[in-house]
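Here is a walk through one protein model.

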Amino acid sequence: MGRCLVRLDVTQIFAVVIFVATYTVVAVGRVPGLRIDRAGAAFLGAALMVGCGAIGLDDAYRAIDFNTIALLLGMMIVVANLRLAGFFELVTGFVVARARHPLWLLLAVVGVTGVLSALLVNDTICLVLTPLVLLVVLRLRRDPVPYLIAVALASNIGGAATLTGTPQNMIIGGFSGVSYRAFSAALAPVSAIGLGLTVLLVAALWRREFFSGDRLLGEVSVPVLLDRGLLRKTVLVLLGVLAAFLAGVQPAEAALIGGGLLLASRRVEVARIYREIDWTLLLMFAGLFVVVAGLEHAVLTPERVRALSVLPLEQGWVLAAVTAVLANIVSNVPAVLVLKPFVAELADPARAWLLVAMTATLAGNFSLLGSVANLIVVQRARAEGVVIGFWTYFLVGAPLSVLTITAGLALLS
């Protein structure tokens, strides 16, 4: 076993170095002295894996999980049309008009963010809702920080409920073969508990904001450029896509058909929809698939994986702990990809993947750096002059992450 683990040839050493360097840049987000970003690092890492011979070009093409790419692209097109139709402004305005107390407003923010993140993709929901929530809260002259933190927390927790809620869930759907319905049946209850805990913890930590007896005075109008025709069409397509998910249609197929139907429009220039799509995220995913496959081909043979599996990952709490730590080191999507060869060797990989999906997403709430959704909220808020401090977030995010993962372990066991 020792010789199997220690002896590496030049190609294998290159593969390990490329893997470590790529994941370091993905985790940190930049390289000193260079302008390369996470997507660029993943693409470069994939190219170097092919160049050093760790994986052949044909195998690199096959390593890319196009089901995940297609699912994410289709859902991005749906979200883009909802955004252009004014859907999110309409929902925000409807909720704000009925919230008369800060605590009710917090409940609404958490509920809307969580549900929309479950139905769509949590990162895009943060992009859309953060400026809207900030607009409303500032006009009501309330402290924006707890509401914005609630958006980040609820987006991660809500996204954990479905296969389409987060990018890492989409990847796990492709790896595990778990159906949309089975995934939601297992993890939606965990998300429901988590959203309730979010309200309780945020309200407890900002007692003056939510228990001072103040009421929300005055009307706040959310500017809406509503395209009713596009909104009707997009909602109908979205409902059809969700119905297909529940009926057992392959999620990537349903999302692609739905997205394709929305591109055939007389009302919106397709170029506007293209501008709403996060192409760099798709590029990063494709690159990371190849980087991980290169490491698997060159180094992580089944024998080595079994030899390296010194931790009893069959035990749920051990797998959850490893996933949570890894997700906070390299972020949740790379963590899922790293765990793939180890989960595949377990006796019940489908159940293990559900546990990884839950933990990787909920662990994103542990700190500001735990998920892309958190960073989106922080960056959007900072652009408007609102600063969310690391420790301010940590005081609510860390205990919430621990509590929700513990609840999830209890339910899944």
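Start inside. Helix H7 gives the most to the lining of the largest cavity, with 5 residues. A cavity is a set of points on a 1 Å grid over the protein atoms alone where a 1.4 Å probe fits but cannot get out, and lining residues have an atom within 4 Å of a point. Helices here are DSSP runs (H or I, at least four residues), numbered from the N terminus.

This is a predicted model, in which local features need pLDDT of at least 70, side-chain atom pairs count only at pLDDT 80 or more, and totals for chains, interfaces and linings use all residues. Residues are numbered from 1 along each chain as its sequence is written, and side-chain values use heavy atoms, with hydrogens and water left out.

The structure holds 2 cavities of 30 Å³ or more. About 130 Å³ of space lies in the largest one. Its lining includes Thr 92, Leu 105, Val 109 and Val 133. Helix H6 (87-98), helix H7 (102-119) and helix H8 each give two or more residues to this lining. The lining residues divide into 10 nonpolar, 2 polar and no charged. Ala, Val, Leu, Ile, Met, Phe, Trp, Tyr, Cys and Pro count as nonpolar, Asp, Glu, Lys and Arg as charged, and the others, Gly among them, as polar.

Now look at the pockets. A pocket is an open set of points with protein on both sides within 12 Å along at least five of seven lines. The largest pocket holds about 1100 Å³ of space. It is lined by 45 residues, and the closest to its centre are Arg 38, Val 372, Ala 373, Leu 375 and Ile 376. Helix H21 gives the most to this lining, with 8 residues. The lining of the largest pocket has 26 nonpolar, 11 polar and 8 charged residues.

The second largest pocket has a volume of about 230 Å³. Its lining has 9 nonpolar, 8 polar and no charged residues.

How do H8 and H21 pack, and at what angle? Helix H8 (residues 122-139) and helix H21 (residues 372-383) pack at about 25°, with their axes 9 Å apart. The two are therefore roughly parallel to each other, a term for angles under 35 degrees. The contact residues divide into 9 nonpolar, 2 polar and 2 charged.

Methods. Axes are lines fitted to C-alpha atoms, for helices over the stretch in contact, and angles run from 0 to 180 degrees between N-to-C directions. Angles under 35 degrees count as roughly parallel, over 145 as roughly antiparallel, 65 to 115 as roughly perpendicular and the rest as oblique. Grid points are joined across faces, edges and corners, and a volume is the space filled by probe spheres set on the points.
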